[in-house]
Amino acid sequence: MSAPVPPAAPVPPVHLVWDWNGTLLHDIDAVITATNASFAEFGFAPITLERYRELYVVPVPKFYERLMGRLPTEAEWVVMDETFHRHYWAAAEAAGLAEGARELLRDWQADGLTQSLLSLAPHEKLVPLVREHGIHRHFVRVDGRVGPSHTPKAGHLVRHMAALAETGVSAHRTVLIGDAVDDAVAASHVGARAVLYTGGSHSRSSLESAGVPVVDSLAEAVRTARELAG
């Protein structure tokens with residue numbers, strides 16, 4: 001008689017890591033306003049949304065290099081960065097959540113699944129803003145950036161996932177939903193998957209270069225994340 005086959009181990013549920021700017025928060029208008037304000041400091045012509053999405057890349061100094069034909073000097077970068085953030089945070093107060101975001105967060109949690117928020121926005125500004133939108137209760141963890149503003153996301157995601165590991169979340173069952181190629185690079189770096197949303201900083205063609213699913217709505221992003229998780 002053959003030995004009984006042991007039951008398969010249960011598959012851990014999928015965990016979502018949400019990006020904030022350009023993903024959950026529909027702030028692209030504030031971004032364009034702030035970008036053009038920083039350009040004006042140096043006499044550059046205003047940039048359109050289409051041009052911004054075509055050229056945008058991180059780290060952000062590389063984005064300015066594409067526009068200027070050279071990297072900004074350290075002194076120029078300090079002025080641009082300060083001007084951008086001053087204008088951005090003034091305009092971001094009027095920005096709302098992306099279409100369907102509130103309901104998607106609520107429904108994911110209601111299904112007994114976990115999600116967290118990771119952003120390159122400064123932590124001290126991110127946390128109050130998330131609370132102001134009334135969605136903080138849907139996340140098991142909210143992490144903003146601590147450190148320089150032009151650092152890639154991968155290092156931040158490493159620390160985020162290390163903290164989540166204490167709650168049983170594993171990278172191979174995690175899907176990051178973001179709006180930038182940098183989100184896909186960060187997910188790959190930790191062994192997670194990514195879905196990229198076209199409502200933020202990149203053009204569709206730029207996002208497609210990352211080799212991960214690209215979607216036009218957050219509802220589609222969540223459906224795709226479920227499919228990726230099997």
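How many bridges join strand β1 to strand β6? In this predicted model, 4 bridges link β1 to β6 (residues 174-178), and the two strands run parallel. Trp-18 stands opposite Ile-177 of β6. β1 also pairs with strand β4 (residues 114-122), again in the parallel sense and over 4 bridges. Here Val-17 has Ser-116 of β4 as its bridge partner.

These pairings belong to an open sheet of 6 strands. The strand order is β5-β4-β1-β6-β7-β8, and the pairing is parallel. β5 (142-145) and β8 (214-215) form the edges, each pairing on one side only. Helix α8 (residues 181-190) packs on the sheet. α8 touches β4, β6 and β7 (193-197), and its direction makes about 175° with that of β7. Helix α6 lies across β4 and β5 and runs at about 130° to β4.

Strand β1 spans residues 15-18. His-15 and Val-17 point one way from the strand, while Leu-16 and Trp-18 point the other way. All of these residues are buried. Trp-18 also belongs to the largest nonpolar core, which holds 52 residues. Within that core, the residues that touch the most other members are Trp-18, Trp-20, Leu-24, Tyr-88 and Leu-218. Leu-24 illustrates the packing. Beyond its neighbours within four places in sequence, Leu-24 is in contact with residues including Trp-18, Gly-96, Leu-97, Ala-101, Leu-117, Phe-139 and Leu-218. A second, separate core has 19 residues, among them Leu-157, Val-169, Leu-176 and Ala-184.

The helix α4 covers residues 74-92. Its 19 residues reach 26 Å from the first C-alpha to the last, close to the 27 Å expected at 1.5 Å a residue. Tyr-88 is buried in α4. Other buried residues of α4 include Glu-76, Trp-77, Met-80, Phe-84 and Trp-89. The cover over the buried residues of α4 includes β2 (25-26), α1 (28-40), α3 (60-68), β4 and α6 (123-132).

One of these neighbours, α3, packs against α4 at an angle of about 105°, with the axes 12 Å apart. The two helices are therefore roughly perpendicular to each other. On the α3 side, Val-60, Pro-61, Tyr-64 and Met-68 take part. They meet Glu-76, Trp-77 and Met-80 of α4.

Helix α1 also packs in this region. Its buried residues lie against β2, α2 (49-55), α3 and α4. Of the 13 residues of α1, 10 are buried, so the helix is largely enclosed by the rest of the structure. The buried set includes Ile-28, Val-31, Ile-32, Asn-36 and Phe-39.

The cut-offs place buried residues under 20% and exposed residues over 50%. The C-alpha atom of Thr-33 is separated by 27 Å from that of Ala-154. Along the chain, Thr-33 and Ala-154 are 121 residues apart.

How values were computed. Residues are numbered from 1 along each chain as its sequence is written. This is a predicted model: local features need pLDDT of at least 70, side-chain atom pairs count only at pLDDT 80 or more; totals for chains, interfaces and linings use all residues. Side-chain values use heavy atoms; hydrogens and water are left out. Buried means under 20% relative accessible area, exposed over 50%, partly exposed in between (1.4 Å probe, protein chains only). Two strands pair if DSSP finds at least two bridges between them. A nonpolar core is a set of buried Ala, Val, Leu, Ile, Met, Phe, Trp, Tyr and Cys residues joined through side-chain atoms within 4.5 Å. Contact means heavy atoms within 4.5 Å. The expected span of a helix is 1.5 Å times one less than its number of residues. Axes are lines fitted to C-alpha atoms, for helices over the stretch in contact, and angles run from 0 to 180 degrees between N-to-C directions. Angles under 35 degrees count as roughly parallel, over 145 as roughly antiparallel, 65 to 115 as roughly perpendicular and the rest as oblique.
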